[in-house]
Amino acid sequence: MTPENTLTDAEITEIQTIFRHFPEKSAACIEGLKVIQQHRRWVSDEAVRGLAEILEMSPAAIDSVATYYNLIFRRPVGRNVILMCNSVSCWIMGYDQVAACVKRKLAIDYGETTEDDRYTLLTIPCLGTCDHAPAMIVNEDLHRDLTTENVAAILNTYE
Amino acid sequence: MDKPLTQHIKKDGSWLTLKEYEAVGGYQALKKVLTLAPAEVTTIVTDSGLKGRGGAGFPTGSKWKTVPMGPDAPAIKYFIANADEMEPGSFKDRLLLEGNPHQLIEGILIGAYAIQARFSYIFLRWAYHQAAKAITQCIREAYEAGYLGEHIAGSDFQLDLSLHTSVGRYICGEETALLNALEGKRANPRSKPPYPTVHGLFGKPTIVNNVETLCNVPLILTNGADWFMKLSKTGEGGTKLYGASGRVKKPGLWELPLGTSLREILEEHAGGMKDGYQFKGVLPGGGSTDFLTEEHLDVPMDYKSVSAVGSRLGTGTLIVLDDKTCPVGMVRNLEQFFAQESCGWCTPCREGLPWTTKLLDSLEKGTGKMKDLDILTFQTHYMAPGNTFCALAPGAMEPLQSALKLFRQDFERHIHEHKCPWE
């Protein structure tokens with residue numbers, strides 16, 4: 001007996017709409033992972049198996065793609081994901097002091113989530129806004145010209 | 001018209017709607033192109049001297065020319081705009097994507113017509129959310145106005161365009177890796193030949209061009225190849241988006257004639273160094289270019305001249321190193337980025353980049369030895385062009401190899417003083 005697919009009907013419908021645009025089902029793998037993540041913030045083992053079934057791929061093949069891309073989360077993340085740019089222009093402009101300030105305030109390190117599930121802190125390569133370094137993205141919002149003075153207030157606006 | 005590429009971009013951060021774009025002559029180039037033969041379009045672009053603005057600088061017309069044409073060519077071909085701007089220190093395509101997506105769409109349409117493509121994509125990096133909003137709305141407007149879909153502007157030409165938002169990884173900017181990502185796979189680069197122009201997305205002929213490259217295309221078709229050629233100071237064709245970041249007075253982005261000197265960009269447009277900081281060096285075209293110093297400041301920032309002094313124009317966005325920033329620390333930051341972003345497919349890159357990062361790390365911590373400098377030099381040969389599967393690792397070696405030559409004393413001070421002298 002095959003276990004029931006744990007993806008919701010809404011997720012399955014969205015994924016099926018996507019693979020109709022491609023010459024082969026497996027081409028919808030990344031898009032499928034994006035759909036799942038949009039619904040549940042991260043991609044669990046069960047979700048990988050569910051997607052594999054729909055796309056007629058092995059769970060291992062799906063996971064090889066999922067773990068390749070740094071914006072597909074294979075571990076749970078908090079309600080707000082902070083992506084701190086750690087590339088060269090932000091480094092020159094002292095992003096590490098801003099990052100230290102964030103780590104102290106939230107009492108977490110990179111790759112960790114606060115106990116109240118409010119924030120996850122990660123790094124991201126160059127955000128392409130180097131004339132306003134240092135910069136970070138919280139969820140989908142870009143914040144620029146960060147300082148050790150203004151970063152805490154920005155984070156406070158995210159519940 | 002001294003800033004043809006960006007003259008219509010608004011200062012308030014909103015993008016040009018279809019109506020606004022049409023009011024300044026938008027989609028007129030497309031209408032003209034639809035009356036020409038595809039080969040004529042490619043010839044005009046070739047004659048203009050337009051070269052790829054994404055970093056590699058390959059002549060755009062020559063690339064288009066290698067796509068199979070005529071009755072025996074595959075019925076399905078693809079045209080892709082590479083909007084995966086992730087080169088460290090580069091922030092130029094963002095302006096065009098957020099400010100005027102219709103200009104890009106028109107460029108894609110013209111390119112797709114020239115190679116007779118049936119489908120097109122904009123491959124956008126995830127982090128550019130504002131651009132994604134702008135592009136989505138502009139694509140919808142273009143379909144509604146009949147610039148996309150069937151019978152474009154009343155002709156027999158047919159093209160569909162969709163936006164693909166990526167999920168990270170620098171390597172997706174490499175054109176064959178980008179194709180794998182679009183196919184839903186791991187974005188490891190593909191072996192070349194066959195080149196994507198013959199065997200690309202889903203095995204079909206495919207063109208991948210950078211955003212800034214494509215935004216120039218409508219202007220070339222409107223004003224002619226000669227006009228474009230004369231825009232530059234040094235005869236390579238066109239203007240260029242130049243940027244500067246680091247401790248300069250006015251970090252920013254400017255459209256200037258191609259071939260503007262490094263000194264003019266740094267001193268006039270970026271306003272020189274911030275008070276209290278001295279100029280020490282500069283990466284002229286993003287993170288994977290060789291350092292230049294004081295003696296190179298008069299070099300014209302075009303493809304040929306920057307190569308002649310041992311670096312590359314790359315993306316044209318300067319990353320400035322000042323005297324209060326450690327050059328070893330800066331290179332360590334870059335190598336850590338490249339090590340993290342290596343796809344891991346080929347051995348020199350997968351093993352060499354973390355090794356390089358470790359050595360630079362130990363120098364920064366004060367535990368480096370003189371022998372480490374020899375190993376670092378060895379790495380720059382070990383990961384030289386031709387020894388790796390794609391250009392990622394050779395690019396990563398450019399700032400390192402030049403820093404080892406230009407800032408040799410600073411490397412040695414880390415060893416003799418058993419600490420980073422800048423700490």
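How many residues does the largest nonpolar core have, and which of them have the most contacts inside it? In this predicted model, the largest nonpolar core has 178 residues, and A:Met84 and B:Ile110 have the most contacts inside it.

**The core**
- Helix α6 of chain B, residues 101-115, gives the most to this core, with 9 residues.
- Leaving aside residues up to four places away in sequence, B:Ile110 touches B:Ala29, B:Leu30, B:Val33, B:Val41, B:Val217, B:Pro218 and B:Leu221.

**Two packed helices**
- Two packed helices are described by the angle between their axes and the distance between the axes.
- For α6(B) and helix α9 of chain B (residues 211-223), the angle is about 75° and the axes are 7 Å apart.
- Angles of 65 to 115 degrees count as roughly perpendicular, and α6(B) and α9(B) are therefore roughly perpendicular to each other.
- From α6(B), the residues making the contact include B:Gly107, B:Ile110 and B:Gly111, while α9(B) brings, among others, B:Val217, B:Pro218 and B:Leu221.
- Sorted by class, this helix contact has 9 nonpolar, 3 polar and 1 charged residues.

**Where the chains touch**
- Chain B puts 36 residues into the contact, and chain A puts in 30 residues.
- On the side of chain B that touches chain A, the elements giving two or more residues are β5 (239-246), β6 (252-257) and α13 (327-341).
- Helix α13(B) gives the most to that side, with 5 residues.
- By class, the side of chain B that touches chain A has 16 nonpolar, 12 polar and 8 charged residues.

Notes:
Residues numbered from 1 in each chain as written. Chains lettered and ligands numbered in written order. Predicted model: local features only at pLDDT ≥ 70, side-chain atom pairs only at ≥ 80, totals over all residues. Core = buried A, V, L, I, M, F, W, Y, C linked by C-beta atoms within 7 Å. Buried ≥ 20, exposed ≤ 12 C-beta atoms within 10 Å, placed from the backbone. Helix = DSSP H or I, 4+ residues; strand = E, 2+ residues; numbered from the N terminus. Contact = placed C-beta atoms within 7 Å. Nonpolar A, V, L, I, M, F, W, Y, C, P; charged D, E, K, R; others polar. Axes fitted to C-alpha atoms, helices over the stretch in contact; angles between N-to-C directions. Parallel < 35°, antiparallel > 145°, perpendicular 65-115°, else oblique.
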